[in-house]
Amino acid sequence: MLTSLWYSERARSWLMQALLLAAVIALFSWLAANTVANLAARGIRVGYDFLWRPARFPISESVIAYSPADTFFWAFAVGIANTLFISVLAIALSTAFGLVVGLARRSRNPLAAGVTGAYITAVRNTPLIVQLLFWYALTTTALPAPRNAWNPIDGVFVSLRGVFLPQLSLTGDVGNFSGLGVAIIIAAAAALVLGRRAGLRLRTSHVVAAALVALTVAALACGIDISATRPELRGFNFAGGFRVSTEFTALIVGFVVYTSAFIGEIVRGGIDAVGKGQWEAGRALGLSERQTLGKVVIPQALRIIIPPLTTQYLSTVKNTTLALAVGYPELGLIVGTVINQTGQAIESIVIMLAVFLSISLAVSLFMNWYNRKVALVQR
Amino acid sequence: MSKKSPILSALAGFVFVASAAGSPAAAQSTLDAVKKRGHVICGASQGTVGFGAPDGNGYWRGLDVETCRAVAVAVFGDKEKVAFVPLSGQQRIPALQTGEIDLLPRTLTWTLRRDANGINFSVPNYYEFTGFMVPRELGATKVEDMAGASVCVQTGSTTEVVVNDVSTKHNLGLKPVIFDNVAATRQAFFSGRCDALITDAAALASVRATQASNPDDYVIFPATQYMDALTPAVRHGDDQWFDIVKWSIQALLAAEMYGITQANVDEMLTSSDPRVRRFLGVEPGNGAALGLDETFAYNVVKQLGNYAEIYDRNLGEGSPLKIDRGPNRLFRDGGLMFPLDFQ
């Protein structure tokens with residue numbers, strides 16, 4: 001009986017897998033127990049109570065409001081928001097720019113193809129961290145001090161401290177207007193989606209125009225007025241207006257330049273992989289070169305592009321942790337600071353792992369859904 | 001056998017090795033471990049001249065470095081039996097807690113929460129205030145002048161909190177630019193990205209003396225009126241090692257108080273002062289109490305000199321930094337350094 005079980009391929013592989021799983025579980029529970037015991041032996045507190053204490057350290061910039069009086073929990077939230085912000089921005093800009101690079105690389109214009117070829121070779125073969133430091137050093141050495149800031153357009157100042165722009169602000173009954181505005185936008189979107197589903201022939205441009213008219217009426221009714229606050233040099237720095245910091249600028253430039261090179265190659269590979277016959281078929285139907293590209297080739301190339309593009313997006317999200325080298329407060333920098341302030345290293349690293357795992361899984365899920373959508377439908 | 005077996009056996013091997021490595025380490029005392037290894041491992045800075053940095057020949061010099069050497073002399077009678085691990089501000093405490101280093105003399109400010117969370121502070125080896133360094137041309141000379149200034153900060157220290165405290169207290173609206181490593185922080189300051197660099201005043205003096213193209217172009221002034229005690233630390237759980245570190249540092253201070261220098265230490269062996277005789281181990285007892293050689297204090301002074309000599313060659317008149325000893329004088333000279341009784 002037992003021997004026959006052993007000789008059954010199925011039973012044997014089940015047994016092996018069960019043993020392996022048990023060993024992995026045992027290993028991790030031993031690691032966890034050992035860690036907790038060692039921490040206790042060294043007098044280090046364990047737990048997440050510290051999250052609710054005031055953080056007390058400053059964060060140089062954030063997309064959501066933060067003050068050092070906020071809790072460690074909120075400091076983590078700020079780090080997550082900053083990481084998401086630079087990830088989304090880097091991915092969106094790199095995708096757009098990468099598409100252009102990919103198309104230029106296979107262009108018949110020798111200049112365009114040569115320049116993009118050189119760019120891709122240079123960028124793909126040097127480490128990202130070096131490139132980030134290069135862009136940061138370039139911005140901090142090339143730009144003037146605040147007192148000698150460049151003033152290319154009235155109200156815009158470019159200096160070492162970043163780019164300062166006039167900030168638009170609304171005066172009047174802003175509360176009601178923003179409520180109305182959101183309602184109008186939701187109504188317009190609902191009209192488009194539901195109306196189409198119900199079979200109404202709604203033109204997008206008509207709906208947008210109607211929404212704009214409604215917004216204008218709402219603005220007039222609420223007495224909304226737009227005013228701009230201009231940055232001005234006060235003491236050491238510019239005050240007022242909207243600031244794009246040097247760190248952020250260097251970072252986004254660095255990420256986009258780096259990631260676009262990879263995306264450009266993915267796009268070029270995807271387009272090249274579509275058979276020559278498809279181009280010829282497009283021409284035979286009387287489509288122009290651009291129409292063939294847009295309507296015949298790219299839809300097919302997308303099936304090839306999406307899986308490696310997903311990997312590239314995931315790498316980009318994870319690459320954001322390098323931002324701390326140029327002083328941008330993404331999650332990694334904040335986790336490091338929290339560890340130093342509280343000594344809660346393991347807890348903080350667990351939070352960072354969980355956050356990056358969640359972001360990466362969300363990106364994967366979205367891209368897999370999109371991949372299924374563009375994939376060849378088997379009938 | 002199936003194909004899975006190598007993975008299984010590797011896993012089993014790993015579990016075995018890991019459990020073997022995990023348990024006995026805690027039982028061994030730090031002193032035994034250090035003696036068995038043959039040298040003391042100290043956390044060091046990533047290059048702050050005066051406190052801890054390798055010189056042109058790769059030989060580590062600085063006040064914190066010599067503090068570590070004093071412990072090595074006390075244990076081995078040899079100031080060269082040391083190894084230095086350069087650590088960032090963030091790495092230093094975990095490195096001590098996990099046993100990667102035996103001792104952390106690295107401009108570490110003694111604070112309640114650090115003390116309560118896994119490490120013990122021995123004896124302050126430097127007292128100091130947090131300072132701002134500002135280009136002279138900006139005309140700022142005191143904290144109140146700093147309204148709206150951008151300040152370069154290195155993370156992994158108490159400085160971030162000081163920036164916030166100062167900014168809040170004087171309502172300055174300081175704009176911190178925070179970096180992960182020392183080099184980037186200093187580069188950003190000298191490029192003009194920030195108006196000011198903030199850290200310990202002596203570290204600022206060190207940066208100014210070694211990295212500014214013209215040191216006279218920069219001024220340093222206190223950011224707070226509060227003094228910090230920079231104190232070498234050990235991890236919790238080994239009282240004998242804690243004592244050895246404390247009394248090795250104390251030996252430097254006591255030698256200065258007793259007037260014992262590297263040059264006269266041999267003559268002092270014949271001193272009639274009972275305190276000096278106990279200190280140098282002529283009258284035995286101190287060494288045995290700590291589990292060290294009876295001549296440990298003699299050895300420390302013989303090889304390194306007293307605190308005044310170490311200060312002078314690393315930070316004072318004998319160094320490029322020329323920092324006034326200020327609060328780091330002995331109490332009898334109006335400072336905060338207080339040698340304890342060697343008996």
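1. Chain A is divided into domain 1 (72–166 + 239–374) and domain 2 (168–229), with bounds that come from an automatic or database domain assignment. Taken over C-alpha atoms, the centres of these two domains of chain A are separated by 31 Å. The model is predicted: local features need pLDDT of at least 70, side-chain atom pairs count only at pLDDT 80 or more, and totals for chains, interfaces and linings use all residues. Residues are numbered from 1 along each chain as its sequence is written, chains are lettered from A and ligands numbered from 1 in the order in which they are written, and side-chain values use heavy atoms, with hydrogens and water left out.

2. Six cavities of 30 Å³ or more are present in the structure. A cavity is a set of points, on a 1 Å grid over the protein atoms alone, where a 1.4 Å probe fits but cannot get out; lining residues have an atom within 4 Å of a point. Grid points are joined across faces, edges and corners, and a volume is the space filled by probe spheres set on the points.

3. The largest cavity has a volume of about 390 Å³. Its lining comprises 28 residues, and those nearest the centre are B:Thr107, B:Gln154, B:Ser157, B:Thr199 and B:Ala203. Two or more lining residues come from each of helix H4 (89–97), strand E7 (150–154), helix H7 (182–191), strand E9 (196–200) and helix H8 (201–211) of chain B. Here helices (H or I, at least four residues) and strands (E, at least two) are DSSP runs, numbered from the N terminus. The largest share, four residues, is given by E9(B).

4. By class, the lining of the largest cavity has 15 polar, eight nonpolar and five charged residues. In this division Ala, Val, Leu, Ile, Met, Phe, Trp, Tyr, Cys and Pro count as nonpolar, Asp, Glu, Lys and Arg as charged, and the others, Gly among them, as polar. Domain 1 (30–125 + 232–333) and domain 2 (128–228) of chain B each contribute at least three residues to this lining.

5. The second largest cavity holds about 80 Å³ of space. Residues of chains A and B line it, including A:Asn340, A:Gln341, B:Arg113 and B:Arg114. Helix H11 (331–342) of chain A, together with H4 and helix H5 (112–116) of chain B, are the elements that give two or more residues to this lining. H11(A) provides the largest share, three residues. The lining divides into six polar, two nonpolar and two charged residues.

6. Over all chains, the structure holds 27 aromatic pairs. Rings of Phe, Tyr and Trp (its six-membered ring) pair if their centres lie within 6.5 Å; planes under 30 degrees apart count as stacked, over 60 as edge-to-face and the rest as tilted. In chain A, the ring centres of A:Tyr258 and A:Phe262 are 5.0 Å apart and the planes lie at 55°, so this pair is tilted. The two residues are four apart in helix H8 (residues 246–272) of chain A, and are therefore separated by about one helical turn. A:Tyr258 counts as buried at 13% relative accessibility, since buried means under 20% relative accessible area, exposed over 50%, and partly exposed in between (1.4 Å probe, protein chains only).

7. B:Phe132 and B:Phe221 also form a tilted pair, at 5.9 Å centre to centre with 50° between the planes. This pair links distant parts of the chain: B:Phe132 is in strand E6 (residues 126–135) and B:Phe221 in strand E10 (residues 218–230) of chain B, 89 residues apart. Both B:Phe132 and B:Phe221 are buried. Elsewhere, ring pairs join A:Tyr48, A:Phe50, A:Phe57 and A:Phe72 into a cluster.

8. Two charges over rings may be noted in chain B. B:Lys246 lies over the face of B:Phe242, at 4.2 Å from the ring centre, and the charged end of B:Arg325 sits over the ring of B:Tyr311, 5.6 Å from its centre. The criterion is that NZ of Lys or CZ of Arg is within 6 Å of the ring centre and within 35 degrees of the ring normal.

9. A:Arg56, a residue other than glycine, has phi near 70°; A:Arg56 lies in the loop between helix H2 (9–41) and H3 of chain A and is partly exposed at 31% relative accessibility. For B:Asn171, phi is near 55°. B:Asn171 lies in the loop between helix H6 (159–169) and strand E8 (175–179) of chain B and is exposed, with a relative accessible area of 68%.

Key: On a 1 Å grid over the protein atoms alone, a cavity is a set of points where a 1.4 Å probe fits but cannot get out, and a pocket is an open set with protein on both sides within 12 Å along at least five of seven lines; lining residues have an atom within 4 Å of a point.
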